[in-house]
Amino acid sequence: MTEGSDELTARLRGYEGQPAAVSGVGRDPVNLPMIRHWCEAMGDTDPAYRGPDAVAPPTMLQAWTMGGLSGHLGRTGAYDELMGLLDEAGCTSVVATDCEQEYLRLLRPGDEVVFDTVIESVSERKTTKLGAGHFVTTRTDVRVGGDLVGTHRFRILKYAPRRRPPADRPRRPRPVVNRDNAGFWEGVAEGRLLVQRCTGCGTLRHPWLPGCNSCGSLDWDTVESSGEGTVYSYVVMHHPPFPAFDPPYAVGLIELAEGVRMVSNVVGVPYDKVRIGLPVRVEFRRYDEGAGAPAGADALTLPVFRVIEGAEGVQGDDGPEGRV
């Protein structure tokens, strides 16, 4: 069944009104530690959320119904069936679009919440900048002791992502160059990796800053890094995919021989061979040039770090790592 067909829309709307969770139970009672964590994360200093008479911030309503990685026992199969039907139609991507909450009374520490969730609506096919798909809205009614205390509506777009032809491959994002870091990018354009040095206390720093974190001096000069270092830490990017990048690829925190650290791609070996402690050396790569570049695109030079061949038995490889 193809996405956008009348038959598909009719089947999707057949799920409207079906329960997604019945008699779900909050994993924990409303509690002060969670309220404190929430307020610290949100920067909310309202005194109503502290002390012996504390109440929970109303916007925490959904937090008390979340099931975590293991989910809730009250979950039904209807929502999974709906998502599966959309997957089969090519709508394999999802993005949360908005939520609406209604509060009937404040929650207090010790309240034990139960909830029911229903598939409230499924839209007809919509075309967006992300791609074409359907908006799915669920409504969760939250109760304490049988009384309705709040309602949470959550809406997602389940869509088929737009595909760009190879000739329209977007450019890599450009760095933000300002008066504080312009010298660094000028060095990169010349094939030099420059590190700021405070002329007051001699402390090296990266990224570039207008003043010294150690002594506060505003005076500085630069030293040219040898470009050698080691992988201090790293992550492998699988998802989400970003335009102009082809995952998976390794992003490393590189500790330079001079002692400062910087973030860049690790190249020269497959992404799954990158390890902490691998020795690397800077090289300067140019992007967005050649036959596949968009019309009028200017080339971009970036410092990346190549694993030194032979390090701890690692063999050089320009295969998977080339997709950085």
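**Close-up views of a predicted model**

**View 1. Surroundings of S123.** Leaving aside residues up to four places away in sequence, S123 is in contact (heavy atoms within 4.5 Å) with R13, H134 and F135. The model is predicted, with local features requiring pLDDT of at least 70 and side-chain atom pairs pLDDT 80 or more, while totals for chains, interfaces and linings use all residues. Residues are numbered from 1 along each chain as its sequence is written, and side-chain values use heavy atoms, without hydrogens and water. S123 lies in the loop between β3 (113-122) and β4 (126-127); helices (H or I, at least four residues) and strands (E, at least two) are DSSP runs numbered from the N terminus. S123 counts as buried because its relative accessibility is 15% (buried: under 20% relative accessible area, 1.4 Å probe, protein chains only). The S123 side chain reaches the backbone nitrogen of F135 at 2.9 Å.

**View 2. Packing of helices α1 and α3.** Helix α1 (residues 6-13) packs against helix α3 (residues 78-88) at about 165 degrees, with the axes 10 Å apart (axes are lines fitted to C-alpha atoms over the stretch in contact; angles run from 0 to 180 degrees between N-to-C directions). The two helices are therefore roughly antiparallel (over 145 degrees). L8, R11 and L12 of α1 meet L82, L85 and L86 of α3.

**View 3. The five-stranded barrel.** Five strands close into a barrel in the order β10-β11-β12-β14-β13, with mixed pairing (strands pair if DSSP finds at least two bridges between them). Strands β13 (residues 279-287) and β14 (residues 300-307) run antiparallel and are joined by eight bridges. V282 stands opposite F305 in β14.

Notes: Buried < 20%, exposed > 50% of the residue type's maximum accessible area, 1.4 Å probe, protein only. Polar contact = N/O pair within 3.5 Å; in protein donor to acceptor, adjacent residues only side chain to side chain. Parallel < 35°, antiparallel > 145°, perpendicular 65-115°, else oblique.
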